[in-house]
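Subject: Structure for your records

Hello,

Here is the structure I said I would send. My notes on it follow below.

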Amino acid sequence: MQALVFNGPRDIRYESYPDPELRSANSAILKVESCSICGSDLHMYHGAHIGKTQYGEDTPNFCVGHEFIGEVVEAGSDVHGFKVGDKVLAAGGTGCGTCQQCLTGNVWSCRKSTAFGLGTELQGGQAEYVNVPNADRTLYSTDGLTTEQSLLLTDGMATAYFGLTRADPQPGGTVAVVGLGPIGIIAVELAFLLGASKVFAIDPVASRREMAAKLGATVFAPGPDLGGQIMQATGGSGVQSVFEASGAKGAINSVLPLVARQGTASFIGIPEPDDALSLPLIMFKNVTVRGGICDVQNMWPHLVPLVQSGRIKAEGLFSHHFDLSEGAEAYRLFDSREDGVTKVTISVD
Ligand SMILES: [Zn+2]
Ligand SMILES: [Zn+2]
């Protein structure tokens, strides 16, 4: 098959790669129809870290991509919820499907859980075909969903919901979203949906601030004065729920000064190994800090009805479109933030 393959930092190539084979009886093979690139893919693209993995020239090649939708073309004997011909989206990561954590629905607590397309362990779906283990828990029917909605449900929208709700937003409360990539923009929309009275949205890119402002947010550019501006905007009390949606070092460091006493800060961006938070700021303001990786599957029961009923729009997030053969350029553009790029779709045919 043809696939986008990691050949080293900033070196994603469209090239032939061995076809996937059913790896277990609970696996399915998808023929991929569409996929997208995620901000977390850029850690790999930059040769940085994801967890303990540092991506370098000597990293073995693998198919990239954890946001993809397609059609089931082969299903193992232990797959009961899906059959050949079903159109599906896949969660960005999965577990074994047989341990206690997987069987009780906490796939991300499985010791074998991993995202697709971050190494040879679980090949990615920016490819013509991909093997999906634990298919019954990892796939979801795309009936009634658009391609863009389906792609967002593979990770971005789920991660936005997970990260935002872990910041404990309250009806009538205040929310700040730091980092206005697609996840941050969706979080702004969700924060209003969950009853926030005010949403502060922070990003260095003006076009991204404009998108958040259109959703009703009060927007700020980051800078040394950000804490002071937010304090002024909140009558000196700070923000009750702060959600950091980028993982950028400067953004991570900007969060704690914004949080109100007894407030909550939630982190979902992939940190570098030396990223740290100030313990005195946490201690003396009684801040609750949460971080974690989204169990995408567990967000679907909340999000799919909101998408289907039109309560979440998540519109205008896909700015550019490519074919799989143009994958290297898709990564370059997405990384450059040029041309107002927010999120890209890649067609596989
Ligand atoms: Zn992602
Ligand atoms: Zn498991």
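Which residue of S18 is the bridge partner of Ala265? The partner is Val289. Before the rest, some conventions. This is a predicted model, in which local features need pLDDT of at least 70 and side-chain atom pairs count only at pLDDT 80 or more, while totals for chains, interfaces and linings use all residues. Residues are numbered from 1 along each chain as its sequence is written, and chains are lettered from A and ligands numbered from 1 in the order in which they are written.

Domains

An automatic or database domain assignment supplies the domain bounds. The protein is divided into domain 1 (2-155 + 296-347) and domain 2 (159-291), with C-alpha centres 27 Å apart. Their contact takes 20 residues from domain 1 and 16 residues from domain 2; two residues are in contact if their C-beta atoms, placed from the backbone, lie within 7 Å. On the side of domain 1 that touches domain 2, strand S4 (49-50) and H11 each supply at least two residues. H11 gives the largest share of that side, three residues. By class, that side of domain 1 has seven nonpolar, eight polar and five charged residues (Ala, Val, Leu, Ile, Met, Phe, Trp, Tyr, Cys and Pro count as nonpolar, Asp, Glu, Lys and Arg as charged, and the others, Gly among them, as polar).

Helices H5 and H11

Helices (H or I, at least four residues) and strands (E, at least two) are DSSP runs, numbered from the N terminus. The axes of H5 (residues 156-165) and H11 (residues 296-308) come within 9 Å and cross at roughly 85 degrees. Axes are lines fitted to C-alpha atoms, for helices over the stretch in contact, and angles run from 0 to 180 degrees between N-to-C directions. H5 and H11 are therefore roughly perpendicular to each other (65 to 115 degrees; under 35 counts as roughly parallel, over 145 as roughly antiparallel, and the rest as oblique). Met157, Ala158, Tyr161 and Phe162 of H5 make the contact with Val296, Met299, His302 and Leu303 of H11. Seven of these residues are nonpolar, one is polar and none is charged.

Strands pair if DSSP finds at least two bridges between them. An open sheet has the order S15-S14-S13-S16-S17-S18, with parallel pairing. Its edge strands, S15 (218-220) and S18 (288-291), each pair on one side only. From one strand to the next the twist averages 15 degrees. Four bridges link S17 (residues 259-267) to S18 in the parallel sense.

The three-stranded sheet

A second open sheet runs S2-S1-S6, with antiparallel pairing. S2 and S6 (62-63) each have a single partner strand, so one side of each is left without a neighbour in the sheet. S1 and S6 pair over two bridges, and Val5 has Cys63 as its bridge partner in S6. H12 packs on this sheet, touching S1 and S2, and its direction makes about 165 degrees with that of S2. S1 (residues 2-6) and S2 (residues 12-16) share five antiparallel bridges, with Leu4 opposite Tyr14. Five residues lie between these strands in the hairpin, where Gly8 takes a positive phi near 140 degrees.

Strands S19 and S20

S19 (residues 318-323) and S20 (residues 343-347) run parallel, joined by five bridges. Ile346 in S20 is the bridge partner of Phe322. From S19 the chain passes through H12 (residues 327-336) to S20 in a right-handed β-α-β crossover (with the strands pointing away from the viewer, the path from the first strand over the helix to the second runs clockwise).

Regards
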